[in-house]
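Welcome, and thanks for taking a look at this one with me. Here are a few places to start, as numbered points.

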Amino acid sequence: MIKKCILILLQITLLFSCKNITENKKEDASTTPKATSSVDLYKEPKNGGLYLPDQFSAIVVVDSIGPSRHIAVNDNGDIYVKLREPKGTMGNMALRDTTGDGKADIMKRFGDYPNDGTFATEMRIHNGYLYFSSEQVIYRQKLTPNKLIPESNTEVILTDYFPKRWHNAKSLAFDKKGYMYVTFSAPTNACEDPNSKGQIKGMMPCPGLEVLGSIWKFDENKLGQAQQDGELYATGIRSMVAFSWNDETNSLYGLQHGRDYLHNHAPQHYSKWQQAVLPSEEFMKIEKGDDFGWPYSYYDHFQKKKLLAPEYGGNGKIEAKEYKKPIMGLPAHWAPNDLLFYKGNQFPERYKNGAFIAFHGSTNRTPYPQAGYIIAFIPFENGSPKGVWEVFADGFAGDEPIISMPDAKYRPMGLAEGKDGSLFISESTQGKIWRVQFIGEKETFGKEQLKTMEDRKTKPHIKTPDKTKDLLRPQN
C-alpha cells in the first residue's frame with residue numbers, strides 16, 4: 001500500500017498542475033485585548049446590514065478579526081475561529097461575551113502549530129475536543145471546562161504528506177461510531193493533459209484520482225495517521241469544503257465546487273453564457289463506494305443530467321449515466337463553503353433538520369455579474385431536499401452588479417449553531433461574525449414572512465443572467 005501511494009505521489013507531482021482571551025476578566029487582563037469593533041463607532045444598521053426573513057434578527061458579534069474560515073460555538077457561547085494565516089503560529093481565534101449583550105468583548109489568538117497556507121479551513125467541536133486543520137495537518141485539543149483557551153497539548157490526528165496544492169482545504173465530518181471523514185480535493189479543473197494539442201484533453205485515467213478527488217474515513221481517536229492509514233470512502237469529487245454528517249439520516253453530505261471553463265475548453269459546444277451558468281454545484285449524499293464522476297462528467301441542473309465532460313468527448317448532450325447524481329443541483333460557481341443541518345428548536349419547525357449553506361461567491365462568471373454571496377436554506381424531508389433552495393441571508397456583498405470578486409464587501413464562509421438554536425455566520429474577508437435569532441411567533445411563520453427573501457432572487461448576484469440583457473460589456 002505504501003509503495004502504491006509513493007508511486008501515485010510521484011505521478012501527481014509530475015503530472016498535476018498545482019496552483020502553486022482570557023478565560024475571564026481577571027486572567028491575563030493585562031495582555032488580552034478588548035475586541036475592537038467599528039460597530040462601536042456608529043449606529044449599527046438593522047440586522048448588522050443583513051436581509052433576513054421577517055421575524056428574524058441579527059447582531060454583529062465581532063466586526064473584524066481578520067481573514068478567516070470556519071467557526072465553532074461551544075455550549076457556553078465561546079466562539080472559535082480558524083484564521084486564514086499563511087505562516088507563523090497562533091492560527092486560531094477565541095471569542096467570549098462577558099457582558100451578555102451578544103457581542104464578543106474578549107478575543108484571544110492561540111495555536112502552537114505552524115500555519116501552512118490560506119486554505120486552512122476547519123474548526124469543529126466534537127466529543128469535548130476542538131478539532132482544527134491547517135492545509136496539511138488535522139489537529140485537536142481537549143477543551144478545558146470554563147476556560148476560553150484549551151490548556152491541553154495539541155495532538156496531531158492526520159498529516160497529508162502530499163505536496164501543498166490548490167484546493168487543499170481539509171474539511172471534517174464525524175459519524176456516531178468514532179470515525180472522522182476528511183476531504184482530499186483535486187488540484188486541477190478537469191485533470192487536463194498538459195500535452196494536449198488543439199482542444200484541451202483530460203488524462204485518462206486521471207492519475208491519483210482515488211487519492212486526490214475523494215473522501216477518506218479515519219479513526220477519530222488515533223494519533224499520527226497518514227492518508228494510507230484510512231479507508232477510501234467515495235471518489236469522483238473535485239473539491240469539497242462544505243461537508244457535514246446528518247444525524248437525522250445517519251449519513252454524510254457535502255457540496256462540490258463544480259469545474260470551470262466549459263467554453264474556454266470547448267467553444268464549439270458551449271457559449272460564454274453556458275460557461276457562466278454551468279455546471280452545477282452538486283449537493284451530494286455520500287455513501288461508501290460512491291463515484292460522482294469527476295473529472296469525466298459534470299451535472300447540468302437545467303437538464304437534470306450527468307453529462308460527459310468535453311475533455312473526454314462530451315458536447316453538452318451526451319449523458320454519463322454510470323456516475324451517481326447529486327440530490328440537488330445548485331447554481332454554478334457559487335462556491336459552497338459550509339453546510340449545517342439545523343438541529344435546534346429556536347427557529348420555526350420548517351427549518352428543523354434542513355440544510356443551511358454558506359455560498360462564498362463566484363469568481364469567474366464573466367462576462368456576466370458574479371453571483372452567490374448568500375446564505376441559502378433548503379428544507380429537508382426524510383433526508384432529501386423538499387422543494388427549492390431559498391435565500392435565508394443576503395446583504396453581504398454590498399453594491400451590485402458585482403463585476404469581479406474583490407468588489408464584494410463580505411464573502412459568507414462559516415456556519416455554526418449555538419446551544420440555544422441561534423445561527424452564527426462568518427465571512428472570510430474581514431472576519432465579521434453575525435448571530436441570527438428568531439424573535440417572532442413560530443406558529444404564524446409562513447409564506448408571507450418568506451416573500452421578501454423570495455423577491456431577492458431577482459437581484460443580479462442571485463438570478464440566472466439573461467444571455468444578452470445582463471452582459472457587463474459587449475462581446476465580439
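1. Glu135 itself sits in the loop between β7 (129-133) and β8 (137-142) (strands are DSSP runs of E, at least two residues, numbered from the N terminus).

2. A word on the source: this is a predicted model, where local features need pLDDT of at least 70 and side-chain atom pairs pLDDT 80 or more, while totals for chains, interfaces and linings use all residues. Residues are numbered from 1 along each chain as its sequence is written, and side-chain values use heavy atoms, without hydrogens or water.

3. Is Glu135 buried or exposed? Glu135 is buried (under 20% relative accessible area, 1.4 Å probe, protein chains only). Glu135 has no salt bridge (a side-chain nitrogen of Lys or Arg within 4 Å of a carboxyl oxygen of Asp or Glu); Lys164, the nearest side chain of opposite charge, is 4.5 Å away.

4. Of its 25 residues, Phe347, Tyr351, Phe356 and Phe392 touch the most other members. A second, separate core of 21 residues includes Met328 and Ile378.

5. Finally, five strands form an open sheet of mixed pairing, ordered β10-β11-β12-β14-β18 (strands pair if DSSP finds at least two bridges between them). β10 (172-174) and β18 (290-291) are at the edges with a single partner strand each, so one side of each lacks a neighbour in the sheet.

Definitions and conventions:
Helix = DSSP H or I, 4+ residues; strand = E, 2+ residues; numbered from the N terminus. Buried < 20%, exposed > 50% of the residue type's maximum accessible area, 1.4 Å probe, protein only. Lys, Arg positive; Asp, Glu negative; His and termini not counted. Core = buried A, V, L, I, M, F, W, Y, C linked by side-chain atoms within 4.5 Å.
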